Amino acid sequence: MQTTNGMDVAAMKKRLAQILVERSYMEGDFTLASGRKSDYYFDCRQTSLHPEGAWLIGSLFNEMLSDLDITAIGGMTMGADPLVSSTSVVSHLKGRPLAGLIVRKAVKDHGTGRYIEGLANVKAGDKVAMLEDVVSTGGSVLQACERVRDAGLGVAVICCVLDRGEGGREKLLEAGYQVRAIFTRPELVSLARE
């Protein structure tokens, strides 16, 4: 499928893989947020805050979501913030605008006291695609999905940039969610080095 700048999905994935491996993917000894040890670390923000990286992620998520009847995209702050923004902007440029929602880890103690920002742009019953930079255990995105459902919205799918292949996808599937990933680790590394 051709995109607005003439790149097809395969070319966009290859270029995004190159940027991710250059800026976001590090091999070594790391402790993850879950407490697990890993031989690599994936800091997607280094790419999702890069101009070309943000455009590629937003474009690929839009392609991934094109078959769904959704009105919004959302995700847990802070990792999903640039993903939601870039995907929302690209959706507008593609003529299929998707509102953005940002889910807080803790309720605001001032102002509106909300868990979710952007609710003025959706209505009860609307379907949302949840975006995540990396799925490891699936815990944070499950929490975000619960808050979105508590706000009266439906979750159509969970999409991530990287599925680490460490059980998170299975946990999300068991919870009843459809899961789509731009990359798995082997795909990312292989494509970046082609």
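## Helix and sheet packing, chat notes

User: Start with H7. What covers its buried residues?
Analyst: The cover over the buried residues of H7 includes H1, E1, E2, E7 and E8. Keep in mind that this is a predicted model.

User: Which residues of H7 are buried?
Analyst: Leu188, Val189, Leu191 and Ala192 are buried in H7.

User: H1 is in that cover. At what angle do H1 and H7 pack?
Analyst: About 95°, with the axes 8 Å apart. H7 spans residues 185–192. H1 and H7 are therefore roughly perpendicular to each other.

User: Which residues meet there?
Analyst: From H1, Lys13, Lys14, Ala17, Gln18, Leu20 and Val21. From H7, Leu188, Leu191 and Ala192. By class, the H1 contact with H7 has 6 nonpolar, 1 polar and 2 charged residues.

User: Now H1 and H3. How do their axes cross?
Analyst: The axes of H1 (residues 9–23) and H3 (residues 51–65) come within 10 Å and cross at roughly 140°. That makes H1 oblique to H3.

User: Left-handed or right-handed?
Analyst: The H1 and H3 crossing is left-handed.

User: Which residues make the contact?
Analyst: H1 brings Val9, Met12, Lys13, Arg15, Leu16 and Ile19. H3 brings Glu52, Gly53, Trp55, Leu56, Ile57, Ser59, Leu60 and Glu63. Sorted by class, the contact of H1 with H3 has 8 nonpolar, 2 polar and 4 charged residues.

User: And H3 with H4, what is the crossing angle?
Analyst: Roughly 65°, with the axes coming within 8 Å. H4 covers residues 81–93. H3 and H4 are therefore roughly perpendicular to each other. Their crossing is right-handed.

User: What meets what?
Analyst: On H3, the residues are Ala54, Trp55, Ile57, Gly58, Ser59, Phe61 and Asn62. On H4, they are Leu83, Ser86, Thr87, Val90 and Ser91. The H3 contact with H4 divides into 6 nonpolar, 6 polar and no charged residues.

User: Switching to the sheet. What is the strand order?
Analyst: E5-E4-E3-E6-E7-E8. These 6 strands form an open sheet with mixed pairing. The edge strands are E5 (116–117) and E8 (179–184), and each pairs on one side only.

User: In what sense do E7 and E8 pair?
Analyst: Parallel, over 5 bridges. E7 runs through residues 154–163. As for a specific partner, Leu162 is bridged to Phe183 in E8.

User: Where does H1 lie on the sheet?
Analyst: H1 lies across E7 and E8 and runs at about 65° to E8.

User: Which strands does H3 lie across?
Analyst: E3 (72–76), E6 (127–135), E7 and E8. H3 runs at about 135° to E7.

User: Back to E1 and E2. Parallel or antiparallel?
Analyst: Antiparallel. There are 5 bridges joining E1 (residues 25–31) to E2 (residues 37–42). Phe30 stands opposite Ser38 in E2.

User: How many residues sit between E1 and E2 in the hairpin?
Analyst: The hairpin has 5 residues between E1 and E2. Gly35 is in the turn, with a positive phi of about 95°.

User: Remind me, what holds strands of a sheet in pairs?
Analyst: Strands pair through backbone hydrogen bonds, in a parallel or an antiparallel way.

Notes: Residues numbered from 1 in each chain as written. Predicted model: local features only at pLDDT ≥ 70, side-chain atom pairs only at ≥ 80, totals over all residues. Heavy atoms only, no water. Axes fitted to C-alpha atoms, helices over the stretch in contact; angles between N-to-C directions. Helix = DSSP H or I, 4+ residues; strand = E, 2+ residues; numbered from the N terminus. Parallel < 35°, antiparallel > 145°, perpendicular 65-115°, else oblique. Left-handed = near helix turned anticlockwise from the far one by under 90°. Contact = heavy atoms within 4.5 Å. Nonpolar A, V, L, I, M, F, W, Y, C, P; charged D, E, K, R; others polar. Pairing = 2+ DSSP bridges. Buried < 20%, exposed > 50% of the residue type's maximum accessible area, 1.4 Å probe, protein only.
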